[in-house]
Amino acid sequence: ITTLINHKDRLKKTEKTLRAIQKVGQAVSVAVGRFVAVGEAIALENEELKEEMSHACFEARRAGTAIAQLTDVCGVEQSEADGRSTVFSDRTGMVKAARMLLSSVTKVLVLADRIVIKQIISSRNKVLVTLEQLEHVSTFQEFVQIFSQFGNEMVEFAHLTGDRQNDLKDEKKKARMAAARAVLEKCTMMLLTASKTCLRHPDCESARINKDAVFQRMRLALDQVIEIVTDARSSGEAKAMPISIYAGIKDFKGKVEGLRDSLYCVPCEAVAAQLEALVEQTEDFTDSAYTSHEQRESILQLCLVTRQETKQLISTWSQAQQSLKAKEVSEEVELAILKTCQSVSELRRELHKVAVGRASELLKLHCDHLVLQALKAAGSEGTLEAVAEYGRTLTEQREQLVETCRLLCHISGTEPLEITCIHAEETFHVIGPQIISAAQTLALHPNSKIAKENLDVFCEAWESQLCDMAILLKEINDVFEGRRGDKRTYLSLPRPGKHSANLKTVKAAKLDAEEQTTIAKLGLELRLLTSDVDSELERWEEQEHEVVRQCQSMSSVAYSMYLFTRGEGLLKTTLDLFHQAEVLSEQGFQLCSFLQSFSTQLVDEEKMLVLSEMEKLAASCQQLQVCAKTPVQGKSATFQKVDSSIQNTKGIMTVLVSLLPLYNKLIRKCKSERSSLGSPQHWRERQLSTPVKEDGLNGKGSNGFGVKSLEQHMANMTFLESK
């Protein structure tokens with residue numbers, strides 16, 4: 001539409017131009033027709049908005065028809081002779097039609113959005129009603145029947161909220177939605193085992209406390225989802241999110257640097273007051289019992305230096321303000337600004353070092369989960385004294401982790417990461433006591449299988465949160481070091497369309513809790529490898545190099561597979577995962593062809609190095625391709641295939657981590673030799689002149705869309721059924 005409106009007034013009416021204009025107009029008209037068909041179907045299903053939606057659809061269709069008529073220019077001379085308007089003779093008409101189209105399409109989208117919000121609220125209300133019933137059941141038979149209904153309702157709710165999360169543009173809301181959905185996902189399994197334990201041991205107080213905490217957390221998460229989708233806050237959550245030290249430093253530096261442009265209008269008292277607020281926040285670090293004496297002294301010293309530099313800045317700035325000749329910032333003021341910004345940056349660097357160092361130490365200290373194992377053993381032996389002793393140890397660990405999450409929040413670097421830190425803090429704070437109550441129940445009933453299973457589920461949730469904390473730590477470091485803090489979503493699946501009616505024709509394979517935990521651990525390892533690949537890619541001088549782009553694409557595919565292990569992203573089922581694995585193997589083979597071509601320009605020793613890495617990559621891609629294409633049947637075989645796919649993907653990423661620095665080094669060497677020899681042609685230009693296979697551009701090799709039909713994708717798009 002923009003192209004049609006912005007065409008030159010005296011455009012040459014060649015046959016090629018006329019055909020292009022008519023083709024664009026027809027494409028717009030067809031697209032509008034499809035869009036309107038969906039809107040009209042929505043109108044039929046929602047009586048309260050039927051009139052508004054139908055009118056908006058009518059306007060959109062009318063505008064689309066008008067654009068098609070104005071772009072029907074193949075017989076343009078005859079048309080204008082007959083008095084019929086075209087895009088050439090009636091540019092105003094084209095602009096008017098385009099405005100009408102944009103207005104009506106926006107109206108349809110707004111109405112559809114209201115319907116989606118209504119669906120989410122309705123789904124939440126159904127879940128709440130069933131949750132209330134589950135909380136008060138008295139028999140196993142009744143519980144099984146209601147929990148089956150609850151599971152179906154949670155699947156529907158997960159579908160709706162997952163789509164909503166993907167559609168959100170606000171990164172803060174997206175992070176909050178992800179946190180709330182993560183709570184609901186984990187609590188669903190906790191609710192099952194906690195309720196069963198309470199039914200088996202109805203007079204056990206610790207079992208009741210354990211169950212009540214799960215129900216309360218689920219209700220809070222459900223409320224949070226509704227607050228996000230309706231953009232409202234409940235009366236109980238009027239407080240705003242606390243400002244982190246990172247955000248405060250960023251704002252402080254902005255004010256300080258703003259003094260250059262506003263010599264006469266910014267009160268210096270505001271700068272001084274903001275610094276004092278920042279120094280007060282650093283007390284979270286200095287007052288901590290877990291901060292070493294050396295770290296505490298370093299932070300206090302940097303706060304003192306920053307105060308002194310700020311005081312000097314205010315003094316210098318005040319003198320410049322009193323000078324009638326000061327039309328521009330003097331060298332003294334500029335130097336004071338630079339020194340103040342440098343001192344506060346050093347303070348931020350020290351706080352980052354303390355928080356990240358603390359988190360790394362805790363993760364290493366607790367990676368063996370000895371306390372959890374001891375609690376399980378004490379519970380199975382029925383020794384309440386031992387459970388109480390190890391419970392105190394776990395409580396101390398929880399306090400350390402909660403405080404560390406609070407410190408990480410201060411230095412996280414982005415608002416979405418701040419929200420993730422707050423979610424981690426809340427999770428450790430809640431799950432710690434739940435593990436202890438579950439262990440107490442097992443100690444009171446050491447022969448109870450369901451009490452043991454319940455304790456295992458809560459311990460797994462704790463271990464999972466530690467894995468999430470390791471990923472969070474990596475992402476915070478990425479932001480601090482200037483690397484990409486958020487990963488590009490790899491869109492390999494089409495959005496729902498007219499074939500959405502086929503949603504339930506194929507059921508996804510289900511993974512049990514143990515399998516899900518195993519896959520989640522593999523996923524964490526894969527996530528760290530993709531970060532290593534990204535780090536190597538950022539070292540390349542030529543970011544538009546074909547190898548860089550190819551490896552970025554492969555890293556994004558692997559990242560989407562990692563998201564699958566967390567139950568997130570656009571890969572909803574095992575079939576989607578296997579399709580993505582095929583995509584990755586094809587991209588790997590394309591990279592092998594680049595390596596093969598490049599090796600012909602190298603001397604023997606270097607050539608052998610490249611060919612050796614190429615063979616490793618080809619072997620890993622071959623294994624992944626064979627695994628992805630091998631048909632399997634049954635739950636166990638499907639899980640093994642998922643496990644092998646992730647393992648093989650890890651193998652490919654491992655090869656890339658060692659290959660990229662070697663490739664980069666050799667390319668720089670070749671470039672240096674060519675420049676010294678005056679070689680007229682770049683090897684990459686020769687490589688790019690090689691014909692590219694057509695299926696590499698149109699098939700799944702280039703962007704991962706592949707040739708799978710929309711019907712098959714939509715039939716496979718289910719979520720949480722593996723839970």
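Cys57 is a buried residue, with a relative accessible area of 0%. Cys303 is buried too, at 3%. Here buried means under 20% relative accessible area, exposed means over 50%, and partly exposed lies in between, using a 1.4 Å probe and protein chains only. As for disulfides, a search through the whole structure turns up 0; the test asks for a pair of cysteine sulfur atoms within 2.5 Å.

A quick word on what you're looking at: this is a predicted model, where local features need pLDDT of at least 70, side-chain atom pairs count only at pLDDT 80 or more, and totals for chains, interfaces and linings use all residues. Residues are numbered from 1 along each chain as its sequence is written, and side-chain values use heavy atoms, with hydrogens and water left out.

Now for two of the helices. Helices are DSSP runs (H or I, at least four residues) numbered from the N terminus, and the expected span is 1.5 Å times one less than the number of residues.

| Helix | Residues | Length | First to last C-alpha | Expected span |
|---|---|---|---|---|
| H10 | 268–281 | 14 residues | 21 Å | 20 Å |
| H19 | 546–565 | 20 residues | 29 Å | 28 Å |

H10 has a clear buried side. Its buried residues are Cys268, Val271, Gln274, Leu275, Leu278 and Val279. They sit on the same side of H10 because they cover an arc of only 140° around the axis, taken from the directions from the helix axis to the C-beta atoms. Turned away from that side are the exposed Glu269 and Glu280. The buried residues of H10 pack against helices H9 (245–258), H11 (283–286), H12 (293–322) and H13 (331–366).

H19 is mostly covered, with 19 of its 20 residues buried. After H19 comes Gly567, which has a positive phi near 75°.

Next, the cores. A nonpolar core is a set of buried Ala, Val, Leu, Ile, Met, Phe, Trp, Tyr and Cys residues joined through side-chain atoms within 4.5 Å. The largest one holds 100 residues, and Phe150, Leu191, Phe285, Leu408, Ile435 and Trp462 touch the most other members. Setting aside residues up to four places away in sequence, Leu408 touches Ala355, Val356, Ala359, Cys421, Met469, Leu473 and Ile476. Another core of 53 residues lies apart from the largest one, and includes Ile519, Phe564, Leu602 and Phe639.

Last stop: Ser123, found in helix H5 (residues 91–135). Ser123 counts as buried, at 1% relative accessibility. Beyond its neighbours within four places in sequence, Ser123 is in contact (heavy atoms within 4.5 Å) with Glu153, Glu156, Phe157 and Leu160.
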